[in-house]
Amino acid sequence: MNQKTNNKKAVSYNKWGYIFLIPFVVVYVVFQLIPLFTTIYNSFFEHYRSGLTQIGPNFVGFDNYKALLSQGDLLIYFKNTMIMWIMGFVPQIIVSLLLGAWFSDPQLRLKFTNFFKTVIYLPNLIMASAFAMLFFTLFSDSGPMNSILINLGILDQPFKFLSNTWSTRTLIAMMNFLMWFGNTTILLMAGMLGIDTALFEAAEVDGATSTQIFYKITLPLLRPILIYVMITSLIGGLQMFDVPQILTNGSGDPMRSTMTLIMYLNKHLFSKNYGMAGALSVLLFIVTGVLSMIIFKFTKSEND
Amino acid sequence: MKKKKAKGLGIGPRRVIAYAVLVLMVFLCLFWFYVLFVNSTRSNGELTRGFSPVPSDNFVTNWKNLMAGTLPVWNGLINSAIVACLSAILSTYFSTMTAYAIHAYNFRLKKAMFTFILMVMMIPTQVTALGFVQLVTKLKLEDSFVPLIVPSIAAPVTFYYLKQYMQSNLPLSLVEAARIDGSGELHTFNMIVLPLMKPAIAVQMIFTFVSSWNNYFIPALILHADKKKTLPILIAQLRSADFLKFDMGQVYIMIVFSILPVIVVYLFLSRSIVGGVAAGGVKG
């Protein structure tokens, strides 16, 4: 923080603080805040299209929320989203912790770390929709993966990856894993490098093994970063859209088992059911809001 | 879990395990793209016969077929490039400005403003999409790039990163010195602050460019005319077309076409990108 700049001069310049904030504030208010309020406003109205006739907008109070919560759909899609997030996140955090520990371990002296880091971060930058399209073609019934697995003698006949609930979910989770473990590794590694090396040296002098050092020193000190990673990943998981949308062509097949919350929202937006879309958005807003408050609290207490 | 097995192991075996896992991860990351590039060189006939790891010679033919096809790929590329480039420039310029306002000046709402931006940082754009689309419709900005570019001016995450960087890399004494020399505030910002922030701005430019390039959700809600569509929307269109009728070689080429620019950029700038990710962690 800038310590008390000389007060007299500062006074006359400080109006520039406001001036420089204008672009941000104007754009934020117009493109984020107003839409947020109109979204909330819409959630209290019955407003959709039935065939060619426009129904509403009629004020219905909390009816949209009631409908949303009493129909089983929301729960199913929430469950799908969470299952696929967990299936991707668990391997992601394990692999990232391992790789982060190895990269930051001075004893191990790994070579080519820059190459490895570059490669594992690469999938994060790939267009998610193109990546999903690629997996769709690779894992289609007569696609290259089936051809490879048959040639290797692992399969006798083509496996219908995209007609089976768990294989489809696994593919989506795997894509999410591939796209995000590099990012997590780099974050965790930065955290691990920030730990005072004197702690490690002291532990070594006392005869601790590398396993003990990892569990007794590294992990506890990484806790804030781990929580940050987990909650940001959870918020990202709730937003899961591109990959399942493209992979299943928006259907969430097989049997809506890969339909996520945002895909559901997208459906309402495209069918112009504004009331339901509004209610769903507000629920998502509340959940992500609570989650980001937790992060906010954490980074705040780290600061002080 | 592997760590447990390594208990008490010497450096040598641990190193072997580390390399083995790393090589496996590299394989998992690159394998799909290898298959993609090989398959993009093969004709539809060759592709239906099953996978072969050796590239063939149909890359150019596939390319020509794609260009002659019905998908407006060049338009898509140009549209994506316009949106992503302008977003990256506007977002970083104004985020630096916002960060500078909070960093360099003392005013009454400073703390409140900073707290507000941090609080809204994690709120996903999807939850305001409904109101956003309605607003865009009301302003008659459908099929325009404005609603995809202008909102990037208010980018809390970019702001936060630049603010952190400023804290350790922009001495206010320089700003003071410029004032004494009679430089106006905006002039100081453009001529002194921006150049000093170059490394951080470059990193954020790349991130904004990539996320805008890859963005699918919002553009799909706003762009309807074929000529205006960006690459992710064309990919979705390709997916929803009955793909068996398609020439699979073209499908692969299309995927290559949409991810190649980012890969090329990454190959040149990977070091600063990876460094930028590390610096963007939760240090502050």
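**Figure 1. Lys272(A), a partly exposed residue of the predicted model.** With a relative accessibility of 33%, Lys272(A) is classed as partly exposed. The model shown here and in the other views is predicted. Lys272(A) is placed in the loop between H12 and helix H13 (274-303) of chain A. Its phi angle is near 60°, a positive value in a residue other than glycine.

**Figure 2. The loop between H11 and H12 of chain A, with Pro254(A) and Arg256(A).** Pro254(A) belongs to the loop that runs between helix H11 (242-247) and helix H12 (261-270) of chain A. The peptide bond leading from Asp253(A) to Pro254(A) is cis, and its omega is near -5°. Arg256(A) is likewise found in the loop between H11 and H12 of chain A. For Arg256(A), phi is near 55°, which is a positive value in a residue other than glycine. Arg256(A) has a relative accessibility of 36% and therefore counts as partly exposed, the class that spans the range between 20% and 50%.

**Figure 3. The salt bridge of Asp141(A) and Lys160(A).** Asp141(A) and Lys160(A) form a salt bridge in which the closest N and O atoms are 3.6 Å apart. Asp141(A) lies in the loop between helix H6 (128-138) and helix H7 (144-151) of chain A, and Lys160(A) in the loop between H7 and helix H8 (165-193) of chain A, so the pair ties together parts that are 19 residues apart in sequence. Asp141(A) counts as partly exposed, at 32% relative accessibility. Lys160(A) also counts as partly exposed, at 48%. Over all chains, the count of salt bridges comes to 7.

**Figure 4. A salt-bridge network of Glu176(B), Arg179(B) and Glu185(B).** Salt bridges link Glu176(B), Arg179(B) and Glu185(B) in a network. Between Glu176(B) and Arg179(B), the closest N and O atoms are 3.4 Å apart. These two residues are separated by about one helical turn, because they are 3 residues apart in helix H10 (residues 172-180) of chain B. In the salt bridge of Glu185(B) with Arg179(B), the corresponding separation is 2.9 Å. Both Glu176(B) and Arg179(B) are buried, the relative accessibility of Arg179(B) being 12%. Glu185(B) is buried as well, at 4% relative accessibility.

Figure 5. Asn79(B) is part of helix H5 (residues 73-104) of chain B. With a relative accessible area of 6%, Asn79(B) is buried. A polar atom of the Asn79(B) side chain lies 3.0 Å from the backbone oxygen of Lys229(B). When neighbours within four places in sequence are left aside, the residues in contact with Asn79(B) are Phe145(B), Lys227(B), Lys228(B), Lys229(B) and Thr230(B).

**Figure 6. The interface of domain 1 and domain 2 in chain B.** Chain B is divided into domain 1 (2-66) and domain 2 (69-279), whose C-alpha centres lie 31 Å apart. In this interface, 13 residues of domain 1 are in contact with 16 residues of domain 2. The two domains bury about 1400 Å² between them, and carbon and sulfur atoms give 76% of this area. On the domain 1 side, Leu36(B), Trp63(B) and Leu66(B) lose the most area to domain 2, together 44% of what that side buries. Across the interface there are 0 salt bridges and 4 residue pairs in polar contact, with both residues at pLDDT 80 or more. Helix H2 (11-39), helix H3 (44-48) and helix H4 (59-68) of chain B are the elements that give two or more residues to the domain 1 side. H4(B) provides the largest share of that side, with 5 residues. By class, the domain 1 side has 7 nonpolar, 5 polar and 1 charged residues.

Figure 7. The contact takes 108 residues from chain A and 110 residues from chain B. About 10400 Å² is buried between the two chains, 76% of it on carbon and sulfur atoms. The count of salt bridges between chain A and chain B is 1. In this salt bridge, the side chains of Arg14(B) and Asp105(A) meet at 2.7 Å, N to O. Helix H2 (residues 15-42) of chain A gives the most to the side of chain A that touches chain B, namely 18 residues. The residues of that side of chain A divide into 70 nonpolar, 32 polar and 6 charged.

Notes: Residues are numbered from 1 along each chain as its sequence is written. Chains are lettered from A and ligands numbered from 1 in the order in which they are written. Side-chain values use heavy atoms; hydrogens and water are left out. Contact means heavy atoms within 4.5 Å. Buried area is the accessible area (1.4 Å probe) that two parts lose on being put together, summed over both. A salt bridge is a side-chain nitrogen of Lys or Arg within 4 Å of a carboxyl oxygen of Asp or Glu. Helices (H or I, at least four residues) and strands (E, at least two) are DSSP runs, numbered from the N terminus. Ala, Val, Leu, Ile, Met, Phe, Trp, Tyr, Cys and Pro count as nonpolar, Asp, Glu, Lys and Arg as charged, and the others, Gly among them, as polar. Domain bounds come from an automatic or database domain assignment. A polar contact is a pair of N or O atoms within 3.5 Å; within protein, one must be able to donate a hydrogen and the other to accept it, and residues adjacent in sequence count only if both atoms are side-chain atoms. Buried means under 20% relative accessible area, exposed over 50%, partly exposed in between (1.4 Å probe, protein chains only).
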